[in-house]
Amino acid sequence: MTTSAVSLATAQRSLGDPDLRYPLHPPLLRGCPRTATPGLVFPVEVDYAYEDVPADLFTSSPRGGGLERWAPLLPPLDAPGLGEGGTPLVPVGDGVWVKDESRNPTWSHKDRLNRVAVGAAVHVGAEGIAVASSGNHGASAAAYAARAGLRCVVLASAGAPPAVASFLRAYGADVVAVPAATRWPLLAMIADRLGYHTVSNLTPTHTGHPFGPEGYKTVAYEIHADLGVPAAVFVPTGYGELLFGVWKGFRELRDLGVTDRVPRVFGCEPAAGGPLAAAVRSGAPAAVVQPGATDAYAIDCSVGGNRAVRAVLDSGGDALLVTDAELVRARDDLARQGLWAELSAAAGLAGFRQWAARGGDAGGPVVCVSTSSGFKDLGVGGDPLEPVEPTWEALTRALGHRG
């Protein structure tokens with residue numbers, strides 16, 4: 001059973017020109033056509049009849065699992081869910097909290113995006129969906145496609161973690177390993193020739209699925225329900241959809257009079273690349289960079305988009321570049337507190353610590369989003385246990401390095 005009747009979504013609006021509006025369906029998977037240039041495409045965002053938002057939407061008790069609680073401020077939920085959302089906010093230090101998105105059904109934040117994006121595929125009558133991903137996004141898309149009874153094609157790279165490849169196949173997805181540079185052109189062919197609904201990017205600067213960031217707004221709604229409005233939110237950032245969604249969710253809370261302010265939002269990217277940082281530093285609406293080597297493969301992006309730039313600048317935040325060494329320290333510290341995060345997922349905490357070490361003072365509580373489980377990382381499962389003789393002497397020798 002879906003809850004599409006309660007959605008207050010009305011249209012798609014261009015971020016390149018807010019006066020340009022398009023019907024809600026079909027989703028503009030290639031961004032705003034009327035403001036696009038060969039090198040830059042502006043995304044569209046979903047607009048709502050905000051005047052009709054129920055007065056108790058942010059004060060009533062949750063109505064079951066999943067994103068249904070927030071249905072009025074989401075696109076129509078035309079595909080069944082898996083109980084996504086409702087993830088915990090865990091204190092990890094004085095005034096520092098971690099929003100642990102690994103508790104979602106496929107152990108990453110991408111479940112929020114795919115709940116609404118796959119719903120759009122169902123709405124337009126697509127036979128299947130297609131996604132370019134070697135990690136979280138592909139696994140999540142495959143799960144939600146399976147739940148909706150749709151085929152799913154995942155274009156992955158040959159270097160995808162073996163555990164993730166098994167994860168994808170378990171859902172019945174067609175997984176094809178191709179060179180990374182060819183994934184987007186092939187994705188466009190699948191969309192154009194097979195009529196599959198794409199839930200990945202198709203444009204030279206990132207636009208992605210227009211409904212996707214709407215699912216991410218619920219991260220902000222949940223943070224507000226648990227903590228109020230923090231002073232700052234630090235977000236692992238690849239293409240910037242999550243960053244934009246978190247910012248937009250808090251912006252809606254402010255505009256609806258639920259809160260009086262929006263937190264500063266910080267995008268935390270690998271130092272080996274950083275298209276958001278490049279755009280913010282240069283004043284460009286979006287940027288493309290040539291990334292270097294990093295183990296944070298889930299956020300190792302060459303292409304940025306205007307959404308993330310808008311969120312950072314509007315909120316007074318910044319784009320932070322974190323090294324792999326900083327990521328490892330943050331990941332290991334999270335593990336010591338019982339949170340097993342993917343290396344990329346630790347970018348929020350790593351970014352906050354770097355910013356604080358430079359003298360940054362948020363002046364209030366800080367939330368670091370942790371996007372996914374350590375299960376998704378490169379090399380997981382490659383260190384098997386060595387058998388030990390079942391004697392006290394052998395056991396004490398094995399434990400000796402731990403004191």
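The largest pocket comes to about 1,000 Å³. A pocket here is an open set of points on a 1 Å grid over the protein atoms alone, with protein on both sides within 12 Å along at least five of seven lines. The volume is the space filled by probe spheres set on the points, which are joined across faces, edges and corners. The pocket has 48 lining residues, and Arg183, Tyr239, Tyr297, Ala298 and Cys301 are the closest to its centre; lining means an atom within 4 Å of a point.

This is a predicted model: local features need pLDDT of at least 70, side-chain atom pairs count only at pLDDT 80 or more, and totals for chains, interfaces and linings use all residues. Numbering runs from 1 along each chain as its sequence is written, and side-chain values use heavy atoms, without hydrogens and water.

Back to the lining. At least two residues each come from helix H2 (136-148), helix H4 (183-194), strand E10 (232-236) and helix H6 (241-255). Helices (H or I, at least four residues) and strands (E, at least two) are DSSP runs, numbered from the N terminus. By class, the lining has 22 nonpolar, 21 polar and five charged residues, with Asp, Glu, Lys and Arg as charged, Gly among the polar, and Tyr and Cys among the nonpolar.

Next, the sheet. Four strands form an open sheet in the order E8-E7-E6-E9, paired in parallel; pairing needs at least two DSSP bridges. Strands E8 (174-177) and E9 (197-198) are the edges, each pairing on one side only. Between E6 (residues 128-132) and E9 there are two bridges, and isoleucine 129 has histidine 197 as its bridge partner in E9.

Last, helix H5 (residues 212-227): it is largely enclosed by the rest of the structure, because 13 of its 16 residues are buried, meaning under 20% relative accessible area with a 1.4 Å probe, protein chains only. Glycine 228 follows H5, with a positive phi near 90°.

Methods: Buried means under 20% relative accessible area, exposed over 50%, partly exposed in between (1.4 Å probe, protein chains only). On a 1 Å grid over the protein atoms alone, a cavity is a set of points where a 1.4 Å probe fits but cannot get out, and a pocket is an open set with protein on both sides within 12 Å along at least five of seven lines; lining residues have an atom within 4 Å of a point.
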